[in-house]
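Thanks, everyone, for making the time this morning. Please take a moment with the sequence and the model before I start on the helix packing.

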Amino acid sequence: MTVEAREARQPYLLLSPAMVAVTLLLLVPLAFIVVYSFWLRTATGADQAGFFLDNWREALSDAFYRDILLNTLKIAAITTLVCAIMGYPAAYVIARSRGNKAVLLLLLMLPFWISYIIRTMSWINILGASGAINSALMWLGITDAPIQMLYNEASVILGLVHFLLPFMILNIYVSLDGIDTTLEDAACSLGATRWRTFLEVTLPLSLPGLAAGGLLAFVLGAGTYITPIVLGGPTDAMFANLVFEAIITQLNWPLGSALSLMLLAVLGALVLLYNHFLGMGQLMKGLG
Amino acid sequence: MDNTKRYERLRERYMNGGIDRRSFLGLIGAAGLAYGVQTPFARGALAAAEQVRFDGWGGVVSEAFRKHAFDPYTEKTGITVVDGTFGGGDEYLSRVKASQPGEYNIAHLSGVFDYARYHNLGLSSTLNEDNIPNLKYVIPKLTDVFRKVTGGTLSCVPYDYGTTGIAYNRKHISDEEMKEKGANILLDERFKGKIAGWSDWRTRIWYASLQTGQDPNGATDMDAIWEAVRAHRDLLLKYWSSGAELMSLLAEEEIYVTEAWSGRVYALQEQGHDIGYMDPPNGFGWQECLFVMKGSPMEPCEELLNFMLAPETSIAVAEGQNYPPALDPTKVDLGKKIPTLPAFDPTGKLDGLTFADPAYWNGNEQEWSKLFGRIQKGY
């Protein structure tokens, strides 16, 4: 084999373990889900193989699914916005800090060491009727009875922000850290105020990171089902909860498959839009 | 010859120049692939003689099983019991459906309707009752209903029974008020935001039947039922989905009233919480069984069931999980604590409990579970 041929083959050899893993763990199960979505659930709970469009017809035409999907997208959008507003200053401080950057990044990663479910449930001890905040308010005499802070849409968004904020900060940080600070110095030396320098130099250059963080926060937020179960009230279900219920509670795997593919299609379209305008490179940097 | 020896011989041949590098790496790769492919399928068979998997409801129930049944059983037989948990029969059924035969062995199922569902899906086994002599201590009525479903044979042994009644915080609701209002307390506007409910569609429909004055095993006005389910939802703080969550909501006083599992309320009372419990007329009675899945190693499973039905084990577990055992009190002395447990019937006839009719509930399961899922979310 010639050197050129060997070199041409090398990338495929190096990529093959990852490609095998992606094929076996992602594409093959996805193909199963596609097939399942055309099956039917019988009255006993068993599946009837075949090619039926019933699940797709129901998923696409029923207003119930559309409304929950829109509500899910709304919650994910609010969460993303809150994460961006809270995450940008934090990322800026980390990127511009000198000496203690590693410590700050370590602190940012600390929440990942604790289970997401435990972190979500911890809000019950903070916001609950006998949680830390209500206990403190009643002890200080500010209120006589506990304030209802849990089991509503706001507590779901709070839980999601808690979960997703580190992803947003990391992406913005990567973007800010890559900006050549001499550009900011140049703007200042030409008479721009610090605020104007930020608005016209720093912010535009960090937008890809902000967009990457936003995309991640939105996609992960829209796909969650634990947070609404733990922190949501009766009417705060998100689309992933419908998938969970169809598959687990109703044992209707075919309908659950159609619903999960519907969510996948909506979120996939968003990723494609992002890729079209900004490219996936920035996202990969943030994830790395 | 074991795999290590095979590898050592192959490596020696390679080092001695007996085979080239490409062949050596190819053989190692093929062996790895073969191991990877066969392991998931062989795991069940290899483990069969050494362990039995048991799945139950978690929390205090699992603790009682572990302490009073599994650990002593392992000590006696050398067979390990791997215990997992689930939040409900539906969730567990979904897991079993996705598994290989033999992966799941014994489940602590609730209700004859679950037994019938599992049987209808082809998941039942046939127990050799000669290997379970302690079955003679069990209340006959509990065994008979299972036999009817599986044509005279058994795929389970009855283990305990209890009720889903109403738990209430005595600081805010008196015993007299509970007696007066019964199931309708769950629709009392005065407690809006302080009411909870189990996210189980059967329980919701059962209680809506009581609230609308209908037979829980034969409602005729389903519109009224769904209206009651909606009315309850609109007063709700949240639907709970596990025993641990139920206990937390009551203990933390997030809620004042909810339906609840009798044993969990007893556990809260033991912890010193002032929580009352009552079964309204026609309250939801259920029995739980230890169901053996098709494809399980039958003899170790039967041995475990027999061990668990031994009066000393069964009584210890019952005292730990706070549900009366399936043992017939006219045949076995159940000690001092069990007669004080909620739902306990000293006659062993269980005439005071209303159980779910499996044909009625399973016949409507597909439609009602789906509709409840929508109403639960505000529709």
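How many Å does helix 9 of chain A span between its end C-alpha atoms, and what would a straight helix of 29 residues span? Helix 9 of chain A spans only 37 Å between its end C-alpha atoms, whereas a straight helix of 29 residues would span 42 Å at 1.5 Å a residue, the expected span being 1.5 Å times one less than the number of residues. Helices here are DSSP runs of H or I, at least four residues long, numbered from the N terminus.

A word on conventions: this is a predicted model, in which local features need pLDDT of at least 70 and side-chain atom pairs count only at pLDDT 80 or more, while totals for chains, interfaces and linings use all residues. Residues are numbered from 1 along each chain as its sequence is written, and chains are lettered from A and ligands numbered from 1 in the order in which they are written.

Staying with helix 9 of chain A, there is a bend of about 45 degrees at L207(A), with a proline, P208(A), following within four residues; the bend is the angle between axes fitted to the seven residues ending there and the seven starting there.

Helix 8 of chain A, residues 181-189, packs against helix 9 of chain A, residues 194-222, at about 135 degrees, with the axes 9 Å apart. That makes helix 8 of chain A oblique to helix 9 of chain A. Here L183(A), E184(A), A187(A) and C188(A) meet R194(A), T197(A), E200(A), V201(A) and T202(A), and the classes are 4 nonpolar, 2 polar and 3 charged residues.

Finally, the contact between the chains takes 22 residues from chain A and 26 from chain B. On the side of chain A that touches chain B, helix 11 of chain A gives the largest share, 4 residues, and the residues of that side divide into 12 nonpolar, 9 polar and 1 charged.

Terms used. Axes are lines fitted to C-alpha atoms, for helices over the stretch in contact, and angles run from 0 to 180 degrees between N-to-C directions. Helices (H or I, at least four residues) and strands (E, at least two) are DSSP runs, numbered from the N terminus. Angles under 35 degrees count as roughly parallel, over 145 as roughly antiparallel, 65 to 115 as roughly perpendicular and the rest as oblique. Two residues are in contact if their C-beta atoms, placed from the backbone, lie within 7 Å. Ala, Val, Leu, Ile, Met, Phe, Trp, Tyr, Cys and Pro count as nonpolar, Asp, Glu, Lys and Arg as charged, and the others, Gly among them, as polar.
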